Amino acid sequence: MSEAPRGMSMIVTKGTLDWAYPPFVLATTAAAMGYSVSMFFTFYGLPLLLRKLDLQVSPLGNPAMKLPVAGTHLGMPNLLAMLPFADAGATAMMQAMMRKQGVASIEELREAAVESGVRLIGCQMTMDLFGYGVGDMIEGVEVGGAATYIEAAGESRINLFI
Amino acid sequence: MNPPDQTLDARGLKCPLPILRARKMLNAMQPGQRLEVLATDSGSVRDFQAFCRATGDVLLEHTAEGAVFRFLLSKAG
């Protein structure tokens with residue numbers, strides 16, 4: 001690349017199956033386009049670094065979530081979404097749609113992020129708070145705090161909070 | 001024109017996989033070598049144009065044959 005290296009940083013705060021996509025899609029694409037990328041995982045984003053992912057999506061309190069059913073798009077009323085197995089059902093449906101449509105899995109995107117040199121930084125405070133250790137995380141995860149993020153953000157043109 | 005040095009079949013894959021797979025193959029190629037990409041993701045035309053503007057790889061041509069987009073890239077030297 002002819003220009004100076006470009007950077008992108010991201011604060012990842014959400015760990016549901018749907019919200020796991022934007023940060024990993026953008027991080028891997030930016031890395032493929034020559035950006036140096038740092039992802040800082042905090043609060044509910046932190047579980048995205050766990051060795052074994054168990055990502056779920058919930059229709060509860062999410063009126064924008066409408067899935068294609070029998071030729072139309074249906075949401076689920078909260079009264080039904082709070083029932084047992086509503087989350088499991090919605091998650092299974094979302095995963096099946098993604099496989100059918102050729103959408104990458106989060107595991108695949110995360111692996112691509114690691115391969116392309118994306119810095120994965122786990123928030124130390126969140127790890128302590130929720131009782132996680134480095135051993136719970138995939139190989140290559142760094143642990144840091146706000147100053148680590150600010151340093152990365154200061155060197156980046158694109159800084160996202162997701 | 002000579003056949004491309006490598007071909008990536010990204011048909012059926014959604015964003016960002018065609019771009020990620022293309023990057024991976026380009027990384028293993030020599031400057032000036034040519035990569036052909038086949039894709040069905042209709043966003044891929046804009047995406048490969050933007051990708052090449054950012055990386056310096058050259059988009060030599062892009063064509064559509066039915067629902068399949070074909071890109072010919074030359075790796076940045």
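A helix here is a DSSP run of H or I that is at least four residues long, numbered from the N terminus. With that in hand, I opened the model, which is a predicted one.

**Entry 1: the helix α3(A).** I began with its length. α3(A) has 16 residues and reaches 22 Å from its first C-alpha to its last. That is close to the 22 Å expected at 1.5 Å a residue.

**Entry 2: its two sides.** Which residues of α3(A) are buried? I found A90(A), T91(A) and M94(A). Looking down the axis of α3(A), I saw these buried residues fall within an arc of 100 degrees, so they line one face of the helix. Then I turned to the face pointing away from the buried side of α3(A), and there I noted the exposed residues A88(A), A96(A), R99(A) and K100(A).

Entry 3: I looked up what follows α3(A) and came to G102(A). The phi of G102(A) is positive, near 75 degrees.

**Entry 4: S105(A).** I placed S105(A) in the loop between α3 (86–101) and α4 (106–115) of chain A. Is S105(A) buried, exposed or partly exposed? I counted 16 other C-beta atoms within 10 Å of S105(A), so it is partly exposed; 20 or more would have made a residue buried, and 12 or fewer exposed. I also checked S105(A) against I158(A), 53 residues apart along the chain, and their C-alpha atoms are separated by 24 Å.

**Entry 5: the domains.** Last, I read the domain assignment of chain A: domain 1 takes in 6–55 + 106–161, and domain 2 takes in 67–101. How far apart are the C-alpha centres of domain 1 and domain 2 of chain A? They lie 27 Å apart.

Terms used
Residues numbered from 1 in each chain as written. Chains lettered and ligands numbered in written order. Predicted model: local features only at pLDDT ≥ 70, side-chain atom pairs only at ≥ 80, totals over all residues. Helix = DSSP H or I, 4+ residues; strand = E, 2+ residues; numbered from the N terminus. Expected span 1.5 Å × (residues − 1). Arc of directions from axis to C-beta. Domains from an automatic or database assignment.
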